[in-house]
Amino acid sequence: DHSNGTGDTIAAIVTPTGGQHGAVEIIRLSGPSAIAIVKSLFLPARKRQVKKLRNDWNPVSHMVEYGTIIDASGALIDEVLVVPMLAPRSYTREDVIEIQCHGGGICSRRVLHLCLEAGARLAQPGEFTLRAFLNGRLDLSQAENVAQLVSAKTVSAAETALAGLQGGLSLLVQSLRAECIEMLADIDARVDFDDELPDLDTISLIQRIQKAQQQVEQALTTERRGKLLQVGIQVAIVGRPNVGKSSLLNAWSQTNKAIVTSVAGTTRDVIEAGIVVGGFPVKLLDTAGIRDTSDEVESIGVERSIVAARGADVIVMVVNAKDGWTEEDTHIFDRVLKIREMSSRVAQSMLVINKIDQASASTIAGSKFANPFDKVVATCATQRVGFEDLEAAFLELVGTGNVIVGGKMWAVNERQAEQLLRASKALERLQVSIKQNLPMDFWAVDIKEAAVAFGEVSGDDVSEEVLSRIFSKFCIGK
Ligand code: GDP
Ligand code: ZN
């Protein structure tokens, strides 16, 4: 239950606990008993008294204190640095204390255990950020960006999350919600006191609504970019054997993850390479040549390529300039098109005409075969020629609208987009109701709906259930 969640004091190890350990591990406490709990365990070294006593520490906010942690029997558990960040100057706006222990996993666990014995409760995933939200330090969309920031896999993804955390979307949504509430007040007043007020200026009202709707639409254009930054872009490289798919993947990723071979049909598994293009994490999948085959092992590869292409955001079909467009290419193209139709995602397609060192690309590029593709580029994979064009074309394919607020680019996530879409539809209905001269009660319903949708983004109108869903996705310690 979130409503009484701020009564107790929570604690967690906030540095990684599984796998590799660093030199330092940090325990974070937040809540009204954080000071009392740490006081009962911590002996500051600063006081050069003969007898060091428990409860002898007077924390000064944002002042690091060196000392030792002792257990109930007085046994030394660790040498630590303690950092108090007292309310309200902390992440949660509660008293927060961080204890820096020696790394390796043992010290931090023992210290955490002592904190729990002294009355702290183990924090749930996202609970520190939840408290920051409940105490008004962050709004909900900012809190969501905290989770996106710590899970970001590229610099651009991190920068986008940071822009969101700094409040770009928050500001927009707050002003839109305030605008709705203001319009609602104007309308409500006329519903209640029809005769005493001048008529509403419906022309300027519609202008206000249209402006709000435009801003919502603009924010919505960031969703795809945000999703691709967070989740990454899957690229399936398809084509008949020997056209240079593996060479293309190698050259593009500048690694040797793919096995390049001149024997037809030997690339049987799907090979993956992770690269970053224009800040987007991109996963290249090199698939076996798609063709009907009696060879059982190879047909497994073919199956895999179809699966890879089905899940892809971009399908890159490679053909060969020297051979020109062959019947087999047409066959593969038909299958790729079928894959596109079956795909749940909106896959885009790119034709790569490879081996341009052996023949001109223009024969294929100028033919009807190239027409159905969203982009066409020419490469020589072995000499790494044409890759600048390839990346530019690729970025145009995945490129999406940007919203710049205070020079920062943020993006909306799926949940926020859902609510913004709901608001946009309500604003659309509202305009129709006004133009059709429907009773003002109808107008009020739609404005309320839009205001609530904005409130769901900012967290002003959000349900407990939505909150738990959002914060349960965080890691422990955040
Ligand atoms: P895949 O079967 O489609 O993956 O094709 P590979 O990448 O294994 O390449 C097949 C052969 O074509 C290899 O001998 C490559 O070195 C060669 N090759 C790939 N790209 C080019 C290119 O742009 N020019 C030339 N001349 N040879 C290439
Ligand atoms: Zn290959």
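This is a predicted model: local features need pLDDT of at least 70, side-chain atom pairs count only at pLDDT 80 or more; totals for chains, interfaces and linings use all residues.
Strands are DSSP runs of E of at least two residues, helices are runs of H or I of at least four, and both are numbered from the N terminus. Two strands pair if DSSP finds at least two bridges between them.

Inside the sheet, strand E1 (residues 10-13) pairs with strand E2 (residues 24-30) in the antiparallel sense, over four bridges. Ala11 has Leu29 of E2 as its bridge partner.

Glu117 belongs to H2. Glu117 is partly exposed because 13 other C-beta atoms lie within 10 Å. The cut-offs are 20 or more such atoms for buried, 12 or fewer for exposed, and partly exposed in between, with C-beta atoms placed from the backbone. Glu117 and Ile37 are 80 residues apart in sequence, yet their C-alpha atoms are 9.1 Å apart in space.

All seven of the seven residues in strand E11 (residues 314-320) are buried. In a regular strand, side chains alternate between the two faces of the sheet. Both faces of E11 are covered. Val314, Val316, Val318 and Asn320 are buried on one side. Ile315, Met317 and Val319 are buried on the other.

E11 runs parallel to strand E8 (residues 233-238), joined to E8 by four bridges. Here Val238 has Met317 of E11 as its bridge partner. E11 also pairs with strand E12 (residues 348-354), in the parallel sense, over seven bridges.

## The E9-E10 hairpin

Strand E9 (residues 271-277) and strand E10 (residues 280-286) pair in the antiparallel sense over seven bridges. They form a hairpin with two residues between them. Val277 stands opposite Phe280 in E10. In the turn, Gly278 has a positive phi of about 55°.

## Helix H15

Helix H15 (residues 440-458) has 19 residues.

The buried residues of H15 include Trp443, Ile447, Phe454 and Val457. Asp446 and Glu456 are also among them. The buried residues pack against helix H4 (140-151), helix H6 (168-192) and helix H14 (414-435). Gly459 follows H15, with a positive phi near 95°.

## The whole protein

The protein has 16 helices and 15 strands. Of its 478 residues, 41% count as buried. Among contacts between residues at least 6 apart in sequence, 69% join residues at least 24 apart. A contact here means C-beta atoms, placed from the backbone, within 7 Å.

The protein is divided into domain 1 (10-137), domain 2 (145-221 + 407-459) and domain 3 (230-398). These bounds come from an automatic or database domain assignment. The C-alpha centres of domain 1 and domain 2 lie 42 Å apart.

## Numbering and confidence

Residues are numbered from 1 along each chain as its sequence is written, while chains are lettered from A and ligands numbered from 1 in the order in which they are written. Local features need pLDDT of at least 70 and side-chain atom pairs count only at pLDDT 80 or more, whereas totals for chains, interfaces and linings use all residues.

Notes. The expected span of a helix is 1.5 Å times one less than its number of residues. Two residues are in contact if their C-beta atoms, placed from the backbone, lie within 7 Å.
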